[in-house]
Amino acid sequence: MIKIAPSILSADFTKLGEEIKTIESADYLHFDVMDGVFVPNISIGLPVLESVRRVTDMLLDVHLMITSPARYTAQFAKAGADIITFHAEAEDRANISPTIDEIHNLGKKAGLVLKPGTPAEAILPFLPKIDMILVMTVEPGFGGQKFMHDMLPKIQTLRQAIDSCNPQCELEVDGGINPETAKLCIQAGANVLVAGSDIFGADDRAARIAALRG
Ligand code: DX5
Ligand code: ZN
């Protein structure tokens, strides 16, 4: 089944609670955390996550775009995250496996994220122990960018690896997803699609979520 994860980065923050109600037919709520160091933008963090947790029962998919994410996993778990994904490029290689273990010990799902320039091979050693791989299909930092078609082979490679080594692992894509690019990602093997501007730019969000599912 294809799952949709609206990114609230593109929501109207003056009425975030109401905005969330419009996307509750989706599967996950995607929550983008940016620190202005790992990516050239600053977004939302712990207090907003706590507020979101209080207004919805949706599964919260927290995408950490922060340097040394291990410093903050416990706090994001406590604030209400259900899935915590962090960038393979943002943590010391020796600390990636212990960080995955820590997230699991906190009772949460753990995932690794790849920037466009990072090859699939970088995370293969960790595949047996993770619940999600997130492939960035734009450079992380901003919503509303154009989908990078050259990420499709990476999605295919990771689908094959997942099927042979950890079929439970979800394969998520993030950046530039619309009904057209969603189709390409699904064909390549993705099963979770993040979309920000495409969903929040639509008048009928439930219809857009259904359109993205294909
Ligand atoms: C970008 C974020 C995305 C972003 C996607 O760094 O990780 O989740 O909100 O936005 P769209 O769907 O507009 O490309
Ligand atoms: Zn994201």
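**Ser7**

I started with Ser7, which sits in the loop between β1 (3-6) and α1 (16-21). For the names of such elements, helices (H or I, at least four residues) and strands (E, at least two) are DSSP runs, numbered from the N terminus. This is a predicted model, where local features need pLDDT of at least 70, side-chain atom pairs count only at pLDDT 80 or more, and totals for chains, interfaces and linings use all residues. Residues are numbered from 1 along each chain as its sequence is written, chains are lettered from A and ligands numbered from 1 in the order in which they are written, and side-chain values use heavy atoms, with hydrogens and water left out.

Is Ser7 buried or exposed? Ser7 is buried, with a relative accessible area of 5%; buried means under 20%, exposed over 50%, and partly exposed in between (1.4 Å probe, protein chains only). Not counting residues up to four places away in sequence, I found Ser7 touching His30, Asp32, Val194, Ala195, Gly196 and Phe200. Contact here means heavy atoms within 4.5 Å.

**The zinc ion**

Next I looked up which residues coordinate the zinc ion (ligand 2). They are His30 (NE2), Asp32 (OD), His63 (ND1) and Asp174 (OD), at 2.0 to 2.3 Å. Donors are N, O and S atoms within 2.8 Å of the metal (3.2 Å for Na, K and Ca), and water is not among the atoms, so sites may look incomplete. Along the chain, the donors of the zinc ion follow the spacing H-x1-D-x30-H-x110-D. Asp32 belongs to strand β2 (residues 28-34) and Asp174 to strand β7 (residues 170-174), so this pair ties together parts that are 142 residues apart in sequence. Both Asp32 and Asp174 are buried.

**The core**

I then turned to the largest nonpolar core, which has 61 residues; Ile8 and Ile133 touch the most other members. Helix α5 (residues 152-165) gives the most to this core, with 5 residues. Such a core is a set of buried Ala, Val, Leu, Ile, Met, Phe, Trp, Tyr and Cys residues joined through side-chain atoms within 4.5 Å. Leaving aside neighbours within four places in sequence, Ile8 is in contact with several residues, including Phe13, Leu29, His30 and Phe200.

Gly175 lies in the loop between β7 and α6 (179-188). Gly175 is buried at 10% relative accessible area, and beyond four places in sequence it touches Thr137, Val138, Phe147 and Val194.

Leu46 lies in helix α2 (residues 46-55) and is buried too, at 18%. I checked Leu46 against Ala77: they are 31 residues apart in sequence and 9.7 Å apart in space, C-alpha to C-alpha. Beyond four places in sequence, Leu46 touches Gln75, Phe76 and Ala79.

**Ser68**

Last, I looked at Ser68 in the loop between β3 (59-65) and α3 (73-79). Ser68 has a positive phi of about 50° although it is not a glycine. Most residues other than glycine have a negative phi. Ser68 is partly exposed, with a relative accessible area of 26%.
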